[in-house]
Amino acid sequence: VPLWGGYHTRLQLTDMPVAVLFILAIASIGIYGIVLAGWSSTSTYALLGGIRSTAQMISYEISMGLALVAVFLSAGSMSTIDIVESQATQFGGFANFLHIPQWYAVLLIPSCIVYCIAMVAETNRAPFDLVECEQELVSGFLTDYSGFRFAMFFLAEYINMATVSAVATTLFFGGYRAPWPVPMIIQANPAALSWLDSGWMGLFWFTSKLLIFIGLFVWLRGTLPRFRYDQFMDLGWKILIPISIGWILLVAGVRVAQNQGWLGSG
């Protein structure tokens with residue numbers, strides 16, 4: 001159902017105040033399918049694969065959630081529309097002259113990097129595809145499943161790729177807003193070119209960014225080798241989580257300083 005707000009067409013039924021948290025909560029239910037599939041299997045290897053997969057996904061869900069906290073602090077909202085619109089403003093100085101959007105992928109680049117790593121791990125794609133590690137545990141929790149059951153597992157996995165890509169597009173890359181240099185082109189002749197960032201063009205820009213992320217998944221699978229499991233877990237617990245916590249403290253400190261007027265108006 002197209003809902004009109006401002007001059008953009010937004011294809012969503014509703015926009016909850018905690019929309020991003022709702023998406024994360026629903027996506028995390030997928031862990032139950034993996035652990036129960038391994039537990040109900042007749043194979044010991046499948047059980048071990050389900051346990052290992054559960055530990056993997058929980059570890060990187062923590063990193064993913066922490067990466068989004070800095071976005072919430074900067075946008076002052078958990079609403080997807082509010083987060084996208086907060087990125088529509090422009091940088092100051094020379095960048096303002098070029099009409100460069102204030103994407104959180106630039107302002108909050110540590111959060112963006114952590115989220116991109118975590119989303120690949122969460123979707124079990126290479127090089128984090130230890131969930132279905134054929135060399136070690138046959139085919140992980142999927143060992144005893146075939147036909148329709150096997151298809152449903154992989155369908156959910158590929159749908160999750162689109163979901164995390166859509167979240168990344170919305171929170172870090174301006175969502176349905178046109179990328180640079182389109183805003184600069186529109187500014188040259190607003191009357192004739194305003195359609196480039198209005199109406200149904202928002203769906204085009206959003207879909208284009210989403211497909212770029214899907215292509216990133218394919219590129220990674222053909223480029224990087226698989227990690228060892230201990231390297232994989234060390235990356236999540238010893239690197240990504242401490243970086244995320246430190247970055248949140250820094251962003252929160254800057255926001256407090258802005259609110260107090262120590263760094264000027266926020």
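## Contacts and the model

A contact means heavy atoms within 4.5 Å. Tyr-115 touches Met-64, Ala-67, Leu-68, Val-164, Val-167, Ala-168 and Phe-172, leaving aside residues up to four places away in sequence.

This is a predicted model: local features need pLDDT of at least 70 and side-chain atom pairs count only at pLDDT 80 or more, while totals for chains, interfaces and linings use all residues. Residues are numbered from 1 along each chain as its sequence is written, and side-chain values use heavy atoms, with hydrogens and water left out.

## The chain overall

The chain has 13 helices and two strands. Both are DSSP runs, numbered from the N terminus: helices are H or I with at least four residues, strands are E with at least two.

Of the 266 residues, 44% are buried. Buried means under 20% relative accessible area; exposed means over 50%, and partly exposed is in between (1.4 Å probe, protein chains only). The chain exposes about 13,600 Å², and carbon and sulfur atoms supply 72% of that area. Areas come from the Shrake-Rupley method with a 1.4 Å probe; for residues, only the protein chains shown count as cover. Among contacts with a separation of 6 or more, 76% join residues 24 or more positions apart.

## Two nonpolar cores

A nonpolar core is a set of buried Ala, Val, Leu, Ile, Met, Phe, Trp, Tyr and Cys residues joined through side-chain atoms within 4.5 Å. The largest one has 37 residues. Tyr-60, Tyr-115, Met-119, Leu-171 and Phe-172 have the most contacts inside it. At least two residues each come from helices H3 (44-75), H6 (104-107), H7 (109-122), H9 (147-172), H12 (201-221) and H13 (229-259). H7 gives the most, with eight residues.

## Aromatic rings

The structure holds eleven aromatic pairs. Rings of Phe, Tyr and Trp (its six-membered ring) pair if their centres lie within 6.5 Å; planes under 30 degrees apart count as stacked, over 60 as edge-to-face and the rest as tilted. Ring pairs link Tyr-60, Phe-128 and Phe-232 into a cluster.

Arg-52 lies over the face of Tyr-229, at 5.3 Å from the ring centre. For such a placement, NZ of Lys or CZ of Arg must be within 6 Å of the ring centre and within 35 degrees of the ring normal.

Cys-112 is buried, with a relative accessible area of 8%. Cys-116 is buried too, at 18%.
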